[in-house]
Amino acid sequence: NPARYLDCWQFMLAPYPQDGDPFLDGEPHASAHVLTNSWGCPEVEGCDESIFQPAMNAFEAAGIFVVVGAGNNGDAGCGSVTDPPAIYPENLTVGAVDINSMLASFSAKGPANLAGQVLIKPDLVAPGVDVLSAFPEATYQISSGTSMATPHVAGAVALLWSANPELIGDIQLTRRILGETAINLQVTAVSGACGNVVNTPNNLVGYGLLDVYAAVERALEER
């Protein structure tokens with residue numbers, strides 16, 4: 001529910017002791033640099049499109065980079081990026097491709113709508129089909145979903161900020177680097193009004209496929 005989600009985000013913004021008061025014991029200096037988010041909050045859970053906007057504004061003001069999964073209802077066609085937080089312009093929203101850089105059918109597609117604004121989403125795509133991942137009880141499992149693609153981008157942001165600490169907290173420049181260095185993918189709209197999918201960014205793959213090597217090279221040039 002929205003309250004639980006906000007509790008979690010409050011902790012990420014200003015961590016506090018297990019039995020502490022988040023309003024009195026929060027420590028913003030210990031906050032995260034990068035967040036990865038793999039859930040969406042639909043109306044059935046009590047969410048509306050604007051419910052998390054203040055939280056996203058707070059993260060942006062604090063210089064915390066938020067990366068979120070686009071969602072896995074892409075088989076519904078265009079306009080399937082529907083739930084917060086994937087719809088917010090402050091967040092970098094990630095879709096999924098397979099090993100051949102083909103857009104996964106389940107990867108949610110734009111445009112997203114927010115308070116009358118029509119937004120291009122996702123912003124990037126990354127590997128999200130048949131990804132080997134750590135799993136509970138010291139095991140591994142192959143899984144698919146935009147939840148598997150999103151951590152690739154969050155990790156890339158952490159790598160960029162490690163390579164060039166001057167970028168830490170600079171959300172806009174980091175986003176620009178990721179977008180400008182992304183690999184352009186040729187895609188075809190599957191159904192509905194996805195808009196122009198020839199140019200980038202577009203509502204299928206955003207700016208394209210994450211290229212971590214190129215992004216780090218560009219980040220180092222910003223010193």
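**View 1. One cavity of 30 Å³ or more turns up when the whole structure is searched.** This is a predicted model, where local features need pLDDT of at least 70, side-chain atom pairs count only at pLDDT 80 or more, and totals for chains, interfaces and linings use all residues. Residues are numbered from 1 along each chain as its sequence is written, and side-chain values use heavy atoms, with hydrogens and water left out. The largest cavity holds about 30 Å³ of space. Its lining is made by M56, F59, E60, I64, V66, E90, N91 and I171. Helix 3 (residues 53-62) gives the largest share of that lining, three residues. A cavity here is a set of points, on a 1 Å grid over the protein atoms alone, where a 1.4 Å probe fits but cannot get out; lining residues have an atom within 4 Å of a point. Grid points are joined across faces, edges and corners, and the volume is the space filled by probe spheres set on the points. Helices (H or I, at least four residues) and strands (E, at least two) are DSSP runs, numbered from the N terminus.

**View 2. C78 and C194 pair up in a disulfide, with their sulfur atoms 1.8 Å apart.** The link joins distant parts of the chain, 116 residues apart: C78 sits in the loop between strand 2 (65-69) and strand 3 (92-97), and C194 in the loop between helix 5 (171-181) and helix 6 (212-221). The torsion about the S-S bond of C78 and C194 is about -100°, so this disulfide is left-handed. Both C78 and C194 are buried, where buried means under 20% relative accessible area, exposed over 50%, and partly exposed in between (1.4 Å probe, protein chains only). A disulfide is counted when a pair of cysteine sulfur atoms lies within 2.5 Å.

**View 3. C41 and C47 form a disulfide too, again with sulfur atoms 1.8 Å apart.** This link is right-handed, with 80° about the S-S bond of C41 and C47. C41 and C47 are both buried. The whole structure has two disulfides. What about C8? Its sulfur is 12 Å from the closest cysteine sulfur, in C41, and that is too far for a bond. C8 is partly exposed, with a relative accessible area of 42%.

**View 4. D123 meets both K121 and R175 in salt bridges.** The closest N and O atoms of K121 and D123 are 2.9 Å apart, while D123 and R175 come to 3.5 Å, N to O. D123 lies in the loop between strand 5 (117-119) and strand 6 (124-127) and R175 in helix 5, so this pair ties together parts that are 52 residues apart in sequence. K121 is buried at 1% relative accessibility, D123 at 9% and R175 at 18%. A salt bridge needs a side-chain nitrogen of Lys or Arg within 4 Å of a carboxyl oxygen of Asp or Glu.

**View 5. Along helix 5, E180 and R176 lie four residues apart, about one turn of the helix.** They form a salt bridge, with the closest N and O atoms 3.7 Å apart. E180 is partly exposed, with a relative accessible area of 47%, and R176 is partly exposed at 46%. The structure holds five salt bridges.

How values were computed:
On a 1 Å grid over the protein atoms alone, a cavity is a set of points where a 1.4 Å probe fits but cannot get out, and a pocket is an open set with protein on both sides within 12 Å along at least five of seven lines; lining residues have an atom within 4 Å of a point.
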